[in-house]
Amino acid sequence: MEEIYLAGGCLWGVQEYLRHLPGVTLTEAGRANGSANTLDSDYDGYAECVKTQFDPGIISLEQLLSYFFEIIDPYSRDRQGNDIGKKYRTGIYSTSGEHLRRAGEFIKKRSDAEKIVVEILPLVNYIRSADEHQDRLQRFPGDYCHIPKNKLYKYRENRTEYKLEIYLSRELIPQMLAEVTKSGACRVGNYDNVASYYEIEGCWKPLENSAPAAGEKNTVNYGREYKLEIRCKEKKVRDVLQKIRELHPYEEPLINIIKLENHNFE
């Protein structure tokens with residue numbers, strides 16, 4: 001994973017937009033390049049920003065910046081929408097010199113480069129914003145946001161996600177995990193994006209479109225001692241199932257497919 005910090009006006013709108021982009025694995029609202037190390041100080045020159053972790057195997061830095069430019073006015077200094085002030089300036093910050101170089105090249109290649117006032121600077125200080133600002137529009141979807149809703153949720157429709165529960169023996173998990181996820185088809189495991197393994201006594205019946213009834217188990221143990229949990233976008237479910245069956249050709253694996261309603265992975 002790689003990490004960059006994007007400032008595009010009021011932070012909770014930018015966070016809500018970025019979280020729905022393909023390849024973005026974590027977002028956090030924060031303050032970039034202020035002089036203080038506490039949230040309790042007077043304004044210290046920071047820019048409201050979103051710490052953004054992304055998988056470069058799914059989305060390149062240039063693609064991420066292209067998405068970012070869809071929601072900002074890159075010609076406006078210290079203002080985005082109705083939010084006015086130095087903390088609402090636009091910026092791209094990173095601890096990686098390579099990120100900063102590529103961000104500069106990205107802007108230079110644009111036909112409007114001479115008009116763009118987005119600053120590109122090393123990240124020298126970062127503070128996580130207060131909890132009340134984190135995932136704000138997830139918790140209060142009707143709250144104020146300077147980004148028009150048709151832009152804010154432009155990519156959300158592609159983020160319907162499913163949980164696939166695959167029951168198999170422990171020795172098959174590493175190969176399954178590596179093969180299914182190496183193309184970026186899905187994210188794996190629990191909320192910090194690591195594989196989660198759960199010991200079980202038996203295994204669920206193979207149900208194609210719904211979760212098993214509570215307490216319902218197969219009476220026969222097929223040697224599938226662990227559950228591999230995979231979460232993926234709706235359009236990737238078919239690809240994941242095909243890969244699983246290629247890796248498990250001798251018998252139909254036991255798989256539950258569960259639609260995750262209003263669920264996010266951060």
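Reader: At about what angle does helix α1 run to β2?
Author: This is a predicted model, where local features need pLDDT of at least 70, side-chain atom pairs count only at pLDDT 80 or more, and totals for chains, interfaces and linings use all residues. Residues are numbered from 1 along each chain as its sequence is written, and side-chain values use heavy atoms, without hydrogens or water. Helices (H or I, at least four residues) and strands (E, at least two) are DSSP runs numbered from the N terminus; axes are lines fitted to C-alpha atoms, for helices over the stretch in contact (heavy atoms within 4.5 Å), with angles from 0 to 180 degrees between N-to-C directions. Helix α1 (residues 11-19) lies across β1, β2 (24-32) and β3 (47-54), and its angle to β2 is about 165°.

Reader: Which strands stand at the edges of the sheet?
Author: Strands pair if DSSP finds at least two bridges between them. The open, mixed sheet of 6 strands is ordered β7-β6-β1-β3-β2-β8. Two strands have a single partner each, so one side of each lacks a neighbour in the sheet: β7 (119-122) and β8 (126-128).

Reader: Which residue in β6 stands opposite Tyr-5?
Author: β1 (residues 2-8) and β6 (residues 90-94) pair antiparallel over 4 bridges. Opposite Tyr-5 stands Tyr-93.
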